Amino acid sequence: RIITNAVNIAMELSNCAGLRTFVTGGLVQWAGSFSLVGHATIEFLNDIYMDKVFISVCGIDVLRGVTVIESEEALTFRAMIRQAKKAIVVADSSKLGTVTPALVCPISDIHMLITDTRVPDKTVAMFTERGIEVSCV
């Protein structure tokens with residue numbers, strides 16, 4: 001089972017045989033955004049539990065935490081993390097050390113970081129020292 005708040009991901013997964021794809025519902029905040037946010041989204045997420053959640057973020061900093069641009073998106077991601085056994089952040093190396101306006105969660109709530117191979121070893125070490133598994137792909 002896949003649960004997503006992204007309309008474009010749900011559409012893509014609808015073509016995959018054997019997958020059951022659930023969409024949270026909610027509000028599309030602006031033109032070009034495929035993410036559903038708002039009260040309906042949070043209510044949907046509060047009623048389910050997930051094994052793993054993958055979130056794509058605008059910034060991840062070892063001191064300031066995981067951040068995005070919009071506060072509504074931060075609330076949605078926070079609800080997802082709260083309901084998941086394992087929280088995985090997906091962010092390219094340009095996002096590491098970056099802080100954007102809306103806090104999703106402190107770094108201690110994250111279990112794994114998936115990033116690209118351009119990340120310096122020193123940066124990887126800052127995350128692994130805090131117990132976060134880092135996968136560079």
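The side chain of Q83 reaches the backbone oxygen of N46 at 3.3 Å, and a polar atom of that side chain also lies 3.4 Å from the backbone oxygen of L45. This is a predicted model, in which local features need pLDDT of at least 70 and side-chain atom pairs count only at pLDDT 80 or more, while totals for chains, interfaces and linings use all residues. Residues are numbered from 1 along each chain as its sequence is written, and side-chain values use heavy atoms, with hydrogens and water left out.

Q83 is placed in the loop between α3 and β8, and Q83 counts as buried because its relative accessible area is 10% (buried means under 20%, exposed over 50%, and partly exposed in between, with a 1.4 Å probe and protein chains only). Leaving aside residues up to four places away in sequence, Q83 touches L45, N46, I48, Y49 and M50, where contact means heavy atoms within 4.5 Å.

The largest nonpolar core has 31 residues, of which I55, I60, V66, V89 and V104 touch the most other members; such a core is a set of buried Ala, Val, Leu, Ile, Met, Phe, Trp, Tyr and Cys residues joined through side-chain atoms within 4.5 Å. Among the elements that each supply at least two residues of this core are α2 (39-46), β5 (50-56) and α3 (71-82), and α3 gives the most, with five residues. Helices (H or I, at least four residues) and strands (E, at least two) are DSSP runs, numbered from the N terminus. V104 touches, among others, I55, V66, A74, F77 and I81, not counting residues up to four places away in sequence.

Key. A polar contact is a pair of N or O atoms within 3.5 Å; within protein, one must be able to donate a hydrogen and the other to accept it, and residues adjacent in sequence count only if both atoms are side-chain atoms.
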